Amino acid sequence: MQTKMKKRTKKRQLVSSVASTLVLASLALAGCSNSTKDAQQPTSSLAGSAEASASEASKQGDDKQNGTQIVAPGSLTLRVGIQDSYYAPGSLANNLPVFQQIEQKTGVKLQWEVTPPDQFGQVMQLKLASGKDLPDLIQMPNGANDMVKYGAEGLLLPLEDLIDQYAPNIKKLFEKDPNIVKSLKSPDGHIYGLTTLNYSPQMTTIIIRKDWLDRLNLKAPETIDEWLTMLRAFKEKDPNGNKKADEIPLSVAGTLGVLPLFGNAFGLHLFEGRDWWADANGKVNYEWMDDKMKDLLAFLNTLYKEGLLDPGYPTTQDDKQSANINNNLVGSFYKHMGNIPILEGVLKQSGVADAKLIGIAPPAGKDGERYLLGNPLTGVFVAVNKGVKDPVATIKWLDYVFASEEGQRYMIAGVEGVTYTLDNGKIKLTDSFLHPEPGVDPGRAVGTESVLPHILSNDFFEAYWTAANPELWAQTKELQKFVIPIYPQIIDSPEEQRKESRLSGDITTYKDEMLLKFITGKESLDNFGKYQEKLKSMGIDEWSKIEQQKYDRVSQK
């Protein structure tokens, strides 16, 4: 269980704290040439502008610093042991402008001890294993597992009391979203580290061909029945206009892909790769075997029997799906909405002049409720060395950088006047950020998006998409009305990890095999009860009990 969690955490790390800007900014770069022009010069120019801005902030004195001075300037140095930026010209070892300004604001100097991302895990594991000469702030190479291990060994500083007394911004975050504490609390009850929090808008959803809907005089579907009507029309009424029955009404990449989202219409909260859901009373459920799952599987079997699913299902992978979408064959699919402008552009270049894609929420259930699960909340964990010289100043520094409004802007948007400006308190990204030179990452050039704890906020994404594609942002805002929090990522104890690893592998393999058989009709749904009983014989009740204990533990005040 924890091994799978670690893999997903690494993937989220790439998606969240590494790619959030690059993936989005790639849309702005899509029309640029792939020039090999040296990126160092634009980077130096950006850094120079930011350094000038930092110098000006210093001249303006403490009153400009809004009370953020934590220690006398230069009296405290924090050693920071984290992986370096993925953007080599913006190495954190260069003391980039964001951190120059933060130093002037807080008085705290940083001594960077960074390692290239592909080498970091091995290097830091050796340091932690020795327990000697550790940095003050330490990225956990194996995420939550390391926090549990080294916290229990006494190498890491418990933070909860310090946060309660000296970190009002972090405390406010905890009070606003209880899932943060649920995702940070170690089995011994301590919080040993902080993490990047993903409050970016949920933009991974079902995308459909709006131009096909218009051609067939249909509206975007909101219920299961409307979905069936739409998919059948896509199959039978030649919406791509080539006089061939070649349309793929619903494309699915992999075994499940988009399919769990239809569980929402049956009162389920399914997400591929995640197994648990807690109801309003705090009861944890393995919904893959819930009685309501049978109704979802019956619907999916209908899609399969009627040829409404991708004809390559379940072997179609992302590259084949993308090719089918680009070739004007696919009516609906599951992707990040940031792909919409690119996909529309490809279709138009191939002659589909009126190509139009929109993102929609999954269908409503019988009670009319319609929802989309939010993003996983946490990513990379950064802990504090128990031997840190000044724990109070350290937590105050983290409170400022991680959770204050100004600190959040530094960490995600960069330097005011260089990568963004403020317009009535709202972030407005500069033209150099929105339309950078080929190969340049303006944000990381000044110090944004490090793995130090920060918040991927809605404000930043609003600033980007409002400028880059206002129509897409309007769709995104509409979609957020349906988003609900995902089940929290709970940190296992070593014993829980061992038990779950013993149980989860066989159970998950069997579950995946049976779901595919039910969907394709190779197994009759009359045998759904036998499927449930088999899961019980394999230990699902024991696994559920462990998960319930974990959820209860982190839910305690």
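# A guided tour of a predicted model

Begin by selecting β8, β5 and β9: these three strands form an open, antiparallel sheet in the order β8-β5-β9. Strands here are DSSP runs of E with at least two residues, helices are runs of H or I with at least four, and both are numbered from the N terminus. Two strands pair if DSSP finds at least two bridges between them. At the edges stand β8 (332–336) and β9 (357–360), each with a single partner strand, so one side of each has no neighbour in the sheet. From one strand to the next, the twist averages 40°; axes are lines fitted to C-alpha atoms, for helices over the stretch in contact, and angles run from 0 to 180 degrees between N-to-C directions.

The model is predicted: local features need pLDDT of at least 70 and side-chain atom pairs count only at pLDDT 80 or more, while totals for chains, interfaces and linings use all residues. Residues are numbered from 1 along each chain as its sequence is written, and side-chain values use heavy atoms, with hydrogens and water left out.

Next, select β5 (residues 204–209), which pairs with β9 in the antiparallel sense over four bridges. Show Ile206 as well; Ile360 in β9 stands opposite Ile206. Strands of a sheet pair through backbone hydrogen bonds, either parallel or antiparallel.

**Aromatic pairs**

The structure holds 17 aromatic pairs. Rings of Phe, Tyr and Trp (its six-membered ring) pair if their centres lie within 6.5 Å; planes under 30 degrees apart count as stacked, over 60 as edge-to-face and the rest as tilted. Select Phe262 and Phe299, a tilted pair with 5.5 Å centre to centre and 50° between the planes. Phe262 lies in the loop between α10 and β6 and Phe299 in helix α11, so the pair ties together parts 37 residues apart in sequence. Phe262 and Phe299 are both buried, where buried means under 20% relative accessible area, exposed over 50% and partly exposed in between (1.4 Å probe, protein chains only).

Then select Trp276 and Trp543, an edge-to-face pair with 5.1 Å centre to centre and 85° between the planes. Because Trp276 lies in the loop between α10 and β6 and Trp543 in helix α22 (residues 540–555), this pair ties together parts 267 residues apart in sequence. Trp276 is buried at a relative accessible area of 6%, and Trp543 is buried at 0%.

**Backbone details in loops**

Select Lys243, in the loop between α10 (224–236) and β6 (277–278). Lys243 is not a glycine, yet its phi is positive, about 60°; at 76% relative accessibility, Lys243 counts as exposed. Asn424, in the loop between β12 (420–423) and β13 (426–429), also has a positive phi, near 55°. Asn424 is exposed, with a relative accessible area of 79%.

Move to Tyr313 and Pro314, which are joined by a cis peptide bond with omega of about 5°. Pro314 is found in the loop between α11 (291–305) and α12 (318–326).
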